[in-house]
Each structure stands twice: as structure tokens, then as C-alpha cells.
Amino acid sequence: MEKQPLKLTVNGREYELYINPKALLVEVIRDHIGLTGTKRGCETVSCGACTVMIDDMAVKSCSILAVQAEGRHVRTAEGLEVNGKLAPIQKAFLDHGSYQCGFCTPGMLMSCEALLKEKPTPTEEEIKEGIEGNICRCTGYNSIVRAVEAVAKGNYKEE
Amino acid sequence: MNKYSVINTHVHNVDGIAKVTGRAVYTFDVKLPGMLYGKILRSPHPHAKIVSIDCGKAMEFPGVVGVVTGKDTLGVKQGIWRRYQDLCDEQILPIDKVRYIGEPVAAVAALTEEIAEQALDLIDVHYEVLPSVYEPLDAIKKEAPEIHEGFERNMNVTRHIEWGDVEAAFEEADYIREDWFKCGGQAHMCMETRAAVSSYTPEGKLTVYHSTQSPYYTQGLLAGVLGLKEGHIRVISPYVGGGFGGKFELDGAVFCSAVLSMKLCRPVKIVFTREEDFIATKRRTPMSYYVRTGVKKDGTFCAREAKVFTNGGAYTGMGATALYLTGFFHSFPYRWKGYRYDGYRVYTNTLPSSSMRGFGAPQAMFCSEQQIEWIAADLGLDPIEMRRKNAHYEGYEVPGQATIASCGIDQCFDEIQKWIKEKGPLPSNRSIGISACGFMSGGIFNWFDSPYAFSSAVVTINYDGTVELHVGAQDIGQGSNTTMAIICAEALGVKVEDIKVHSGDTDHCPADLGAWGSRQTLMAGNAVKMAAEDAKKQLLEFAYAQSGSNIIYDLDIKERRVHSIARPERGSDYFDLVKKVLRGKEGQRIVGRGYYTPHRKGMISPAYSYMLQGVEVEIDRETGKIRLIDSLTAHDCGQPINHLGLIGQLEGAFSMAAGYGYLEYMPYEDGKLMNPNLVDYKVIRATEMPKVPVAEIDTYEPAGPYGAKEAGEGLTNPTAAAIGNAIFHAFGVQMKECPIRPEMIVNALKEKKAKEKKGN
Amino acid sequence: MSEPVTCPVCGKKAKTGSAIDCARHMFGTGDKVHRAWVEAQGLSFIDLLIEQATTPGNKSYIVLAEVIEKAQDKSRP
């Protein structure tokens, strides 16, 4: 299939790409832009390892074509920190040990971030529902829930 | 009060920032210049002769650079139990025949993954289909097809454990119960599927990026199958996306990529799809258990006899170990006057079964802990007190097998009793089930036939006081880098931030058997402690000379302060000392070395962890659906080292163990896995996890560094049994098969009702 | 009382040196040479194994232990 040009805004930067229009967003982020934080863990849109944020919404980037993200703001885990300063959710993950092998972590962080944007003070149930689409094989999820609760409580408020 | 400065304090995982910022590079992410992408063609038949493979059309397909089959390999039959050549039975790319659906038969390297995938369809394999067999009891029949030449009746391995006069012990029993169980397999389902990038260069050297639990094993095994020297193979294991026992043998990704790379002299990357990971990577061993147990009417355990068949699948892998350990831990954590275990591993034409977190113990406990609960009910005894009176204790010798040097199980019983009492009466659709267990902290065996110490470490102190810690121990997410840094910092007397951990590279790190069998905290930890103390000694030698203090005074370093132990207020700075020592050593960096191999530590392990878990379950009578409400785990791992890591391991183990108990069903039909995807294979999600609080029991294990034992694998053992026991207490039905699916509960309830009606 | 039993195939003294331990060792090792010895005594290795696997009790190990014991007596002066 003929390649076509595509402009994608990822983590606040505009990338000019030349891609196969059938390419999934996760493929373009990883292989064309070179941001390998976002992972893939399945072929059936089930595991959430590829979760990114598109205009503040958590989206499994294996479930949409890259062209569908044109004109939107895509955010990956690499975009959480600003000039080396970690985002509250990242600090919370460090404090609570909310990761082990780390493979699901980038996607998990984006689901958490999107959840907090939508519900700044979620209940425990709401947090669990917010990350239901992300599989973690290592942590058993509870430390992730604790991290989100800590952020929601304001423990990492920036001055 | 914590007597340690670093140990068991709240330490951030040392790899944390890399992981939470997306910087961590996994084999899944590795890209090398000139790299090709590989794909594997797999057998659609469970058992067939490979008559011919025609790769001509595939070779001609634009973008394809090379194709390999078994004929391009040395044909070496390899296996991880190198000491037992008979059990090294797997060619990975077989030459003569295939033995399970999904087995690799050819591999293609191409410019893109898509091209490689398309080229697979162009490889023409001519099979002669053979009869196949899928269940152990069918495979041992006289008429069953022979899967491996020379293995009569498909008997792969047998293991036998026995102590005491079993017949006499049964004679002493007032009550004898026998039950049959069926334990399912389980998929490791690592978030990172199997992945490898192999790069062979004209110097005759091979560099392999491998998602592995043991770079040393990968190196050694590749050397064996490729005809290379170990020293000419470099294995780099950057961050690993989970292992759980599935990633310390050779897999199709690393083998096929290496063979392709050696043929083409270009880097080749192979990453398994999730489906491939399900159908073509070894799984937890399914087992059929027959258990006969005799007890006195006051609940004293007399005798137990178990006969177990394990479904070995097509190859041995680590299955022989699972066979042995299941029989050993089936006796845990109790004293038996007479105990007999006969284990038989049988070849079948299914996915090979191997090691998975728990290593045969989850299966063993599912059977043992449920039967014990039923015995208590039959005799009208309190199930916790019955367990308590028969439990291990410090100093107990499991006859001929092990001496228990530390054991906190008794306090575990107290904690669970307290928890149950505090819960009080439960709503009618909820119940609590408990399960005890114990586990090993690394095995004493050396079937890999390694000439190296089981674990080694090198500590190097730089001029500025920062410390390079080189270990062979592999971090696969369990946090071993952090645990080793903690032990090093404590032993040396500095802070974790001063330590830089180097692991996952056979070129720079010492050999280590790797992350399996719960061995690293104890074994690598001991090596690290020894190395750090060696380095510290060199610093203190100089400090003694400089201080000129009387020989009766001892110096130590703690929190970067060199001081007299008797007079801690008198001290000097660690950083200053390092600079002086370096000068004194003519500019040579201070290097400490450590190593550990267990000697004279019994037949299984230097140390055993203990635990008792209670799970509160809600069961819907109509649908049989299970909901986990709450839990408590009383846990003895000796001295906890990495506090955050420990909590994570506990909660994570619970999620995997619960999955084995009621979710992760792997149905096979005619040798084919029916649900090789994450839609149909159910792993636990955040919404299904209960709270998993832990009650830490304080013990001190003399064999472990600072008294530490394993944590994280033992905790995978009790949950399936606890869930089964909860169902028993709710409805009085006995679940003899795991994972326990809703329809099984519904059917059991129907059967019970029918029986009761008949009785009336 | 009696000397420890050594394996007639590989000479190893299995665990406590009892005949039953030696029988266990033979079944556990299960390699070609050990099997061949068992077959040469007129027993079927695989049938003994299957019997041990599928019936309660220790019959097969006892049978083999007795044969091993007899073989020891033969080899002693």
C-alpha cells in the first residue's frame, strides 16, 4: 500500500512522518517516532500495555490507526516528566513500589493519569475500574491503587 | 526497632526511574543496525514425522534474507538437566519429527516482520502424521504411540521420596482417607513475551539479547547447541518483562534467532506474539494426584502416601524438578511418621510442562491442604489446631531430607486464628478457607552441571566512594537489583544511593544460576554480603592502622561513618577513608569478592519459608461465580530485606495463585490449546483483587544473609487450596480439580442435592 | 548387621544403604544400563513402575529390593 505523510503531535512535539496508512498508532509511536516506552502485550486489544492518552482520554494504541490520531494530542509515559521533573503519578509509583518488571508500567501510568484527569478524587472502586483494562502480572494491582489514592489525596501537590 | 540501617527500610526500587519514565529498554525494544526480523513456522500436528521441508519459494520472496530448519543446526538434543544426558531430549528445531502442536519447524529472517510472516506461508512442509496421545494415563498404555525413542510407555522420569515405615504408620492410624485430584496447568503469561535478538559477527562471536531469568544458563545452553565456546557468547538481559519460571531454558526465540544469525551474519530479532507465547512456551505442570492419608482420631498425622502422574508434554525441560518438588512439598509443613511419594512424569503430545512459580508446590498444596481440611471435618476437629499439633518446628529434621533451621509456622497459626476471630460471623454467602505451606530458598542441586559457584559477586569501590556491584543475579521484576544493593549497602556501611548494580551481562558479570527456585536473596545475597565485607575489611585494615587504637577495639562502618563499635561517637568519614586507602594501594581500586554454593544443606534447600493464608470468598450459589473479598497471609521469610519489594511479591504472588485457583483455565482438545489469547484466558484484573495484608512473622534463618529466606514464590502455593477450602466451608462440596470453574461448583451443588434427595 | 547395599550397576550406595533405597535409586535413575540390569533379572522395568504408580503400597520396590539383596549375596565371597 502507498505510504502517505502524517503529522502527529506526541508529548507536545510535532512529528512529520511517512507511513503506511494501515499502521497502528502503537507501531508508529514505537517504530517510527522511536518512543519505546509504550509496549505491546497482545494482539487482541486486551492487555493495556499499549495505553496512551489522546486528548486526556486513555486509549489502547493498538486499537486505532495512527492516522486517526492526527490533529489530536497524544501523550505517552515519556511525556509525563517535564525537564527531568517527575509527574506526581510517577513519584507515587516510586514511593509505593507500584511496578515490578515494569513492562505494563508505561501503559498503566497513562491509564492512571487519564483517570485522575477525569476523576481527581476517585474512590477505590473507581480506581480499580479505571485500570481494569490494564493487566499487570507482577504487582497484584493493589500498590498501583495505593499510588493513585496518594496522588488524589494531594500528597504530591506541586508548589 | 530495626537494628539495621538499610535492611527492611523503605527503599525505592533502584530501577524505578527507568521503569516509570519509559526509559527501560527490554529485549522487546532492542534494535540493532542491519537487524532482520524473524518468524517461526510451527507444526499444526501434535505428532508427525517431518518428511521434507521445501524453503525454495520462501527464499525467493522479496525481502527474505534466510530460512533455517533443523537441518541447519547441529541437531544437538539439549535440556537444562545437563547432568542427565538421557533427559536432554529437545532439538527446538527438530530434524526428524514434531511432538506437539506449535513446535517450531522452520524460521525465516526478513527485512520486516510482515515479510517474514508472509514468507512462512511459502514454506512447504511434508508431514507424515503419527498417532498422538494427550493424557498421561493414556500415554502409559501398551498401545500408545512412542513419543521419544527409548522411553518405554512414555515414562519420562520417576521420583520417589520415602521415610519411616509407611505400612506400620498406616496401621497406627484410626482414620484413613483417600482422594484423587486433578491439577491443571497454567501459563506464565509474562507481559513481555519471549524475545531475543541474536547477532553473530565474523569474529566468530555471538551477542544475544534475551528476555531471560538466567543469562548464564542461556550462555551455557547456547554454547552446547551451537558448538561455540561459552566465552564467545555474550548474553545481555536488559530489563526483563516477567519470567515466573518460564524463561530460564532455551526458547524458540533465542534458538531460532541465533541459528539464523549464525547463518546470515546479521542480527536477527524474534519476538513471540501473545498467541505463540501461549501455545509454544512451556507451562505449569498439570498433575493427577492420588493421596491416601492416615491420622489418629485426635488428629495426629501418621502416614501419607501419594502417587502422582504429571503430564510432561513433549519434552523434559525442568519438569523433572517439578516432579520432585511437588512430592517433597506435599509433606509440608507437617511431620509424618511414614511418608511415601511416587511421582511419574509422562511424555504426551502436548505443550511441554516445566517450571512455574511454585514449582509443583501449588499443585501439592491444592491436594494436601484440602484433604487435611476434609479430615478435620470428618473427625470433628478444629482444622487450625489439628494442623498446629503436627507442624514443623525449628530444629525438626525431615527424615533424610532437610533440617529446618528456622520456622515461624506456629505464630502463623496464631495470626490467622486472630484474624478469623476478629472477622466474626460472616454473611451467608461468604466463607473463609485456609491453607498452610512452606517453600525452599534455592535448591542445593546442580543438574545444570555448572562448575561455577552458584552465586558470585564483585564489589569495587571507586575513588569517590561510589560502589560498583557486579552480580550474576538477574532482576526480572522481583527486585533483586534492589535487594542486592540493600545487602551491599548494609554490609559495607553505606547507603543504597552509593551502590550501582550491574547485572544482566555475561561479559561483565560473574556467573549465577539465575532467578528461579527462589534462590537469589539467599544465595546471591550471601555472595554479595561476602564481597562487601571483603571490601570493607580492606578499608578497615587501613583504618585500624591509622587509628592506632588498642587491639581490643573493633571498627565498623555504618551510614558512611567509620567508627569504633565500642565508642561510636568517635569516627571519621567513609569517603575520606576510601581516598586514603586508594593511595595506600598505589591507586588500585578496592575490590571485594564473594561467592556462595550450598554445602551439606540437606537434600533440597538451605532454608525454608513458611506461611498460612486465609482467604474470604463470596460464592454465588446460582452461577458458581467466585469473588475474593479479603485475605490475610501470615508469613515467615526470616529477615525481610527489601520492604517494598516484599509487599509487592506477596500481593503479586496472590494474584497469580488466585488465578491458578479459579481463573486460569487452559482447555486442550486433541492437543490444541483452545484459548491462546487474553480475551479467553482469564487473568485476574484490578477489580477482582481483594486486599492482601501480611502479618510478618519474625524469625532468623542462619543460612540466609542477615537471616533472610525467600519471599514471593512460596506465596504462590496456598491460595488455590484456600479457595477450595472456602468453598468446602460454604457448601460442603469438595473441589478436586483446579482451576475451580463456576460450572464445577454448580455441578457439585447439583450432585450434593441429588445425593441428599436420594438419602431421603 | 549386614553391609550396606551397593548398586549392582553403578556401585553407588544409595542413601541409607538399604536394599529398598537401592531399588528407589534404580527406578529413579531409570537410564538404559539400570533398566537393562532389571530386565536381565527377569523383571519388567516398566511393568513394575506402572504397578507402583497405579496401586497403593510399595510392592514393586519391595520386589526389586529383594532381587538386589539376592544379587549382593551372590557377589559377596
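How many C-beta neighbours inside 10 Å does B:V67 have, and does B:V67 count as buried or exposed? The section on B:V67 gives the answer.

## About the model

This is a predicted model, in which local features need pLDDT of at least 70 and side-chain atom pairs count only at pLDDT 80 or more, while totals for chains, interfaces and linings use all residues. Residues are numbered from 1 along each chain as its sequence is written, and chains are lettered from A and ligands numbered from 1 in the order in which they are written.

## Residue B:V67

B:V67 belongs to strand β3 (residues 64–69) of chain B. Helices (H or I, at least four residues) and strands (E, at least two) are DSSP runs, numbered from the N terminus. B:V67 has 27 C-beta neighbours inside 10 Å and therefore counts as buried. A residue is buried if 20 or more other C-beta atoms lie within 10 Å of its own, exposed if 12 or fewer, and partly exposed in between, with C-beta atoms placed from the backbone.

Leaving out residues up to four places away in sequence, B:V67 touches B:C55, B:A58, B:M59, B:A106, B:V108 and B:I123. Two residues are in contact if their C-beta atoms, placed from the backbone, lie within 7 Å. B:I123 is 56 residues from B:V67 in sequence, and their C-alpha atoms are 9.1 Å apart in space.

## Helix α7 of chain B

Helix α7 (residues 252–264) of chain B has 13 residues, which at 1.5 Å a residue should span 18 Å; its end C-alpha atoms are 18 Å apart, so the two values agree. The expected span of a helix is 1.5 Å times one less than its number of residues.

In α7(B), 11 of the 13 residues are buried. Among them are B:G252, B:F255, B:L260 and B:M262. After α7(B) comes B:C265, whose phi is positive, near 55°.

## A sheet of four strands

Chain B contains an open sheet of 4 strands in the order β23-β22-β21-β27, with mixed pairing. β23 (499–502) and β27 of chain B stand at the edges with a single partner strand each, so one side of each has no neighbour in the sheet. Direction ignored, neighbouring strands of this sheet are turned by 15° against each other on average. Two strands pair if DSSP finds at least two bridges between them.

Strand β21 (residues 455–461) of chain B is mostly covered, with 6 of its 7 residues buried. β21(B) pairs with strand β27 (residues 590–596) of chain B in the antiparallel sense over 7 bridges. B:S456 stands opposite B:Y595 in β27(B), and B:I461 has B:I590 as its bridge partner. β21(B) is also joined to strand β22 (residues 467–471) of chain B by 5 bridges, and these two strands run antiparallel. B:V459 stands opposite B:L469 in β22(B). β21(B) and β22(B) form a hairpin with 5 residues between them, and B:G465 in the turn has a positive phi of about 85°.

The axes of helix α14 (residues 520–547) and helix α15 (residues 574–584), both of chain B, come within 10 Å and cross at roughly 90°. Axes are lines fitted to C-alpha atoms, for helices over the stretch in contact, and angles run from 0 to 180 degrees between N-to-C directions. α14(B) and α15(B) are therefore roughly perpendicular to each other; the cut-offs are under 35 degrees for roughly parallel, over 145 for roughly antiparallel, 65 to 115 for roughly perpendicular, and oblique for the rest.

On the α14(B) side the contact is made by B:Q538, B:L539, B:F542 and B:A543, and on the α15(B) side by B:L577, B:V578, B:K580, B:V581 and B:G584. By class, this contact has 6 nonpolar, 2 polar and 1 charged residues. Ala, Val, Leu, Ile, Met, Phe, Trp, Tyr, Cys and Pro count as nonpolar, Asp, Glu, Lys and Arg as charged, and the others, Gly among them, as polar.

## Where chain C meets chain B

Which helix of chain C gives the largest share of the side that touches chain B? The contact takes 13 residues from chain C and 17 residues from chain B. α1 (19–29) and α3 (45–54) of chain C each supply at least two residues of the chain C side, and the largest share, 5 residues, comes from α3(C). By class, the side of chain C that touches chain B has 6 nonpolar, 4 polar and 3 charged residues.
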